[in-house]
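Here's a quick briefing to read with the structure open beside you. Take a look at the fold first, then work through the notes below.

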Amino acid sequence: MKAASTNYISDLRLKPNMGEVIEMMASAPAAETTQAKFECRNVEVFYSGKRALHGINMDVPDSGVTALIGPSGCGKSTFLRVFNRMNDTIPNARVAGQILMDRQDIYGKDIDPVLLRARVGMVFQKPNPFPKSIYDNVAYGPRIHGLAPRKSDLDTIVEKSLMRAGLWDEVKDRLKEAGTSLSGGQQQRLVIARAIAVSPEVILMDEPASALDPIATAKLEELIDELKEKYCILIVTHSMAQAARVSQKTAFFHLGDLVEYDDTQTIFTNPKDQRTQDYITGRTG
Amino acid sequence: MSAMAKTSIHQTDLARKRLARRKAKEKRFRYAGVTAVVIAMVMLGWLVVSLVGTGYTAFFQHYLTITVTLDENILDPNGARDADQLRKANYRKIIQQALYARFPEVTYRRSKRALFQIISASGATNHVRKMVYQDPNLVGRELTIVVPVSDDVDQFLKGYIDRKAPEELRRVSDQQIAWVDQLVTSGELVRKFNWRFFTAADSRDPELAGIAGAVVGSIMALGVAFFLSVPIGVGAAVYLEEFAPKNRLTDFIEININNLAAVPSIVFGLLGLAVFLNFFGLPRSAPLVGGMVLGLMTLPTIIIATRSALRAVSPSIIDGALSLGASHTQAVFHHKVPLAASGILTGSIIGMAQALGETAPLLMIGMVAFVTEIPTNIMEPASALPVQIFLWSDSAERAWAERTSAAIIVLLIVLISMNAIAIFLRSRLERRW
Amino acid sequence: MQQLLNPETLIGALLIIGVVAAFLYGRGLAISRAQLTTDGARAHSLPSYHGYFSAWIVALFASGMIAFWVTFSGAAPNFVFAILMFCALALSFSIINRLLTPTFRARNHVERFIGGALMICSGVAVLTTFGIVLSLVFESLQFFKHVPILDFLTGLHWSPQTALREDQIGQSGSFGAVPIFTGTFMITAVAIFIAGPIGLLIAVYLSEYANKRTRAIVKPMVEILAGVPTIVYGFFALLTVGPAIRNFAEGFGFSVPTQSAIAAGSVMGVMIIPFISSLSDDVINAVPQTLRDASFALGATQSETMTKVIFPAALPGIIGAFLLAISRAIGETMIVVMAAGRAANLTGNPFEAVTTVTVQIVALLTGDQEFDSAKTLSAFALGLVLFVFTLVLNVIALLIVRRYRERYE
């Protein structure tokens, strides 16, 4: 069953729109070879026996940005943490159902969360650089995973990651300074550089701009736009405008249910579900 | 069918090998943590087992029942029965005669001396003296007494002296063993609960020594410490928490209290010696001074505990009372302090438990006296339980080690009870906000 | 019975009766006068406050009189004293009678008095510190008159025996404290060497690995180690650990005395474990969860997160914990008195008997003492060194810990 076809999309709600999706995505270069990076089958999450997510079925495309939106407490952040098994670190949390990454069950016995998290990076709400130098922050991941046998390799990884995160020019002369000395927006990009340095395939972002000012947010969104060329990105956001700006697909969550999942364009212009409509027009939320 | 254009660097064999190494490291780290916990537990266990193992036998003692003839010719040759004569009389001879009568076959002087050594000489003579002194009419009659055996015989009967060891290496001779065996078989020598340990004061002879004097000394000192440190400590805490203006002086007092809490206890002893004894001329070795020193020592503990108890009470209580027209003082004393009472009580008990176990400052103010009487007031020389333990621990004999451990067991049981009461009170009186 | 009838107890009893009577009088006065007011205005303070105020006035006058008598006459209380006392009481009652009108702000006066009393309470803590500093400094200065301070701090030989005869001044002991300091540091080092890693690992295990139930059992068990009186540890070292180390060493052909730096230090280490573990536990828990999350999300294992992120982040707090533990070890007395020995050996070998500052203070001050001999006074000089050293350690530790807390708040 792990060999299930990657091309079919399970969610019935999506089927009628498939043609449109592909048409719409044609402008975005990464969306052309749409394959499912993740296939979620009936995913449920329980906290101390209480069900926080009710049987989510959803496919995350291999490339591009997928946004998860919904009112607070709807389960979108919980769902995000399913993909890198961060829920494992919370006592009393339990995940049921199946999440396939490249057709491999990430909750399977042969998958180690440590290696999974190396493949699925994460950026948190509040920038959380380690109280170390900028260099050591970025070098942390490669070091623990043993990715850089030589110092020069490590230097290259750090430089490349910071460049890719658009931070290199700002910090190249002060790599020895504390990561916490940077501004909020810079810290968040540092954290992204730190995640990139491990060479992940996927980056999960949990409301990455919620602690940033509008200018820093704009910069971050620009960065996300660039990163989607190389990485599969899942972003949880409170801001519908942000979802509309950065994502190609959007999933709307409500009270632990996946209400609607479609092209971003469709969700915002022509939602199928009344609840989605209410939310995006600001009647609920 | 290759769904993946590239394979992640995290899925190579190399990555898996590295992971195995990291997992092994993780396991070692975890085991190190478990080992540390186990070491701490083992040390605690070793401590308890070694003390209980050495000490529990001290709660039992072997006693010899013997009939003595209170010969008037020895005790009161002129028949006047005056108190002075009865006090000074040769009771030792009475006891010796009773023992020789029990074993008439013993004739050599050396053997006689050995025979006399199986019982507690001063224990038996003091016992008989006391009885005769109370009732002079006993002179001339026969009296059956139960006296402790000497510490060596007691240790032998408790199995700490190996009868198979060469005679010259043990403290009990073959001859004495034979007598003791005979007395045990006849039922004259029996094992009983050692009440004396709890009712007697210190003594030069281990078989006669008890902890009562030290316990009373400790209770007195703790009483003084309690009445000194709890009112002052609570008052200081209430002042600092509720009344003190926020200024440099208050900051200074705060820093002062925090540092006072970490001053080594022996320094408080030096304070007591220099100020209470030398400057104010209070008596040495007195529970009053000991209590004052311990009280000052526990003061910071109580202040800190009270302050955190006060802080735990919601400030809305004060606002509520003020809004009803109460003055600030009324609000504090009618509402906040009663609500913090359980925390204050818990802190006080824990502070007192600390003071009870403290030894060093008491050494400084001379509460190491050898006191054979139970003290009756706080100005008399006294010892305290931990100091008694310190004094006894100096003697190498097995009987003393046994009693030292037993005194420690008593001390630990009291401390555990105090802490248990504190925990119980906290859980019982704690209010949820 | 006779004891109860002596003048002191009689005066005490009269004082208590006077105070109680004043309370009742003041309260009664307030009630009756409040009823007499015709305009219906309420009295400012509750009657009981008038009572408290009256009691306080009487207590003030009476104890003032007693203090006056004791300082200026010094004689046993006699008839004159009784008359004076009676006058004082009469005066105080007449003052009460004049003052207590319904508008009298008795509560404010009582509250001001309470505030003052509370302030005096907190002053006791300060006074204690002053008492410690003054007595240590004063006696130490006396000592430094006999022995130059530099000789004391740098001398290599310690044998504080004082001369038996007047003419033996040349041999009146030497007071070079260096062997004592080295002994103290060696035992402290052994203790920290044992307690440091164990305490830290326990803290790590409890905060990062143990589940709630294990934590609920293990944490109090470890803290029991801190509640065991030091005299108990001392006896444990003397009775069990010292001989065990000696036997163990003999098994390898070494001869180690029962009293040694290693025996005292290791038992002290056990005592210190909970200080390090619970303080480190606190600082480790104070490291924000977001840092753990960040590390886990990068694919770090728990041990990697611990050693490479949490530990460096918590380092200042952990250093503070270690400093407090060191200060505790240096000031610890009973374990070393019983298990370390009294010989002031200048040695670097932990298997030998050494002595510490606290051991010497105990040795110098127990038993008979004359207060002007250099031998006795040297104990205070050692006490001063001990006090200053632990104080400095504590101040530094508290500063570090406070700054650390602020960083993550």
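Let's start inside a sheet: Ala67(A) has Ile235(A) of strand S8(A) as its bridge partner. Keep in mind that this is a predicted model.

**Strand S8(A) and its partners**
- On one side, S8(A) pairs with strand S3 of chain A (residues 64-69), in the parallel sense and over five bridges.
- Strand S7 of chain A (residues 202-206) also runs parallel to S8(A), and five bridges join the two.
- Within that pairing, Cys232(A) of S8(A) has Val202(A) standing opposite.
- To get from S7(A) to S8(A), the chain goes through helix H8 of chain A (residues 214-227), making a right-handed β-α-β crossover.

**How covered is S8(A)?**
- S8 of chain A spans residues 232-236 and is mostly covered, with five of its five residues buried.
- Cys232(A), Leu234(A) and Val236(A) point one way, while Ile233(A) and Ile235(A) point the other way, and all are buried.

**Confidence**
- Chain A has an average pLDDT of 83, and 87% of its residues score at least 70.
- Residues 1-33 of chain A are another story: pLDDT stays under 50 there, though the model has 45 contacts beyond four places in sequence for this stretch.

**Where the chains meet**
- Chain B puts eight residues in contact with 14 residues of chain A.

Note on methods:
Residues numbered from 1 in each chain as written. Chains lettered and ligands numbered in written order. Predicted model: local features only at pLDDT ≥ 70, side-chain atom pairs only at ≥ 80, totals over all residues. Contact = placed C-beta atoms within 7 Å. pLDDT = per-residue confidence, 0-100. Buried ≥ 20, exposed ≤ 12 C-beta atoms within 10 Å, placed from the backbone. Helix = DSSP H or I, 4+ residues; strand = E, 2+ residues; numbered from the N terminus. Pairing = 2+ DSSP bridges. Right-handed = clockwise from strand over helix to strand, strands pointing away.
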